[in-house]
Amino acid sequence: MRKKRIWVRILILLICLAVCALLFLKFGYNRMEKSFYPTDYEDEVTVMSDETGLSKALIFAVIRTESGFNAEAESPAGAIGLMQLLPDSFDWIQRVEEGEEIYSHDALLDPAVNIRYGSLTLKYLLDRFDGNEKAAIAAYNAGPGNVDIWLEDERYSRDGKNLDEIPFDETRSYVSKVLAAKDKYENLYQF
């Protein structure tokens with residue numbers, strides 16, 4: 001009888017330890033996943049999400065894919081900062097939004113400025129492509145002119161509004177990465 005009680009206590013203890021281990025793994029894994037999908041610059045992203053109506057998950061996904069949250073990133077093509085804006089694109093979106101160029105290209109290294117104008121560019125593209133997120137993301141990477149051409153080509157778009165295929169490997173990969181990261185941000189943070 002006494003041996004039976006000891007085994008019951010051991011079994012209860014093992015069950016409690018197993019439950020604790022499972023809880024630790026679940027919450028520890030979630031924390032680890034969040035370290036791969038950070039929310040640095042959340043204040044700036046929230047401001048631009050509120051201003052543009054873009055989801056925070058999309059803005060974070062573009063930042064993560066473009067620069068890995070490195071505010072000083074510069075691509076071989078000359079794109080600068082968190083959202084990797086080209087200086088010419090930066091000048092253009094400033095003229096569209098402000099009526100003039102109010103910042104020098106050095107301002108692209110300022111996270112708030114870069115997130116502002118990167119988000120405004122993304123919003124412009126989303127509006128230009130009638131809310132089609134895939135087309136807007138592709139245009140952010142390859143330019144709206146290329147996306148226009150693809151949408152007119154039956155090999156890439158059956159209906160002229162949605163991209164069924166993206167002919168540039170780099171852009172196809174980029175769109176896939178951004179959309180996957182956006183889904184991950186939505187799931188991890190409930191944006």
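The largest nonpolar core of this predicted model holds 48 residues. I59, V62, I63, Y140, V147, W150 and L163 touch the most other members. In soluble globular proteins, nonpolar side chains tend to be buried together.

Take I63 from that list. Beyond its neighbours within four places in sequence, I63 is in contact with V45, G68, F69, L82, M83 and I115.

P87, F90, D91, I93 and Q94 are its buried residues. Their cover includes α5. After α4 comes G99, with a positive phi near 85 degrees.

The loop between α3 (56–67) and α4 (87–98) contains Q84. Is Q84 buried or exposed? Its relative accessible area is 10%, under the 20% cut-off, so Q84 counts as buried. The side chain of Q84 reaches two backbone oxygens, listed here.

| Side chain | Backbone oxygen | Distance |
|---|---|---|
| Q84 | A73 | 3.1 Å |
| Q84 | G81 | 2.7 Å |

Leaving aside neighbours within four places in sequence, Q84 is in contact with E66, S67, A73, E74, S75, A79 and N114.

Methods
Residues are numbered from 1 along each chain as its sequence is written. This is a predicted model: local features need pLDDT of at least 70, side-chain atom pairs count only at pLDDT 80 or more; totals for chains, interfaces and linings use all residues. Side-chain values use heavy atoms; hydrogens and water are left out. Helices (H or I, at least four residues) and strands (E, at least two) are DSSP runs, numbered from the N terminus. Buried means under 20% relative accessible area, exposed over 50%, partly exposed in between (1.4 Å probe, protein chains only). A polar contact is a pair of N or O atoms within 3.5 Å; within protein, one must be able to donate a hydrogen and the other to accept it, and residues adjacent in sequence count only if both atoms are side-chain atoms. Contact means heavy atoms within 4.5 Å. A nonpolar core is a set of buried Ala, Val, Leu, Ile, Met, Phe, Trp, Tyr and Cys residues joined through side-chain atoms within 4.5 Å.
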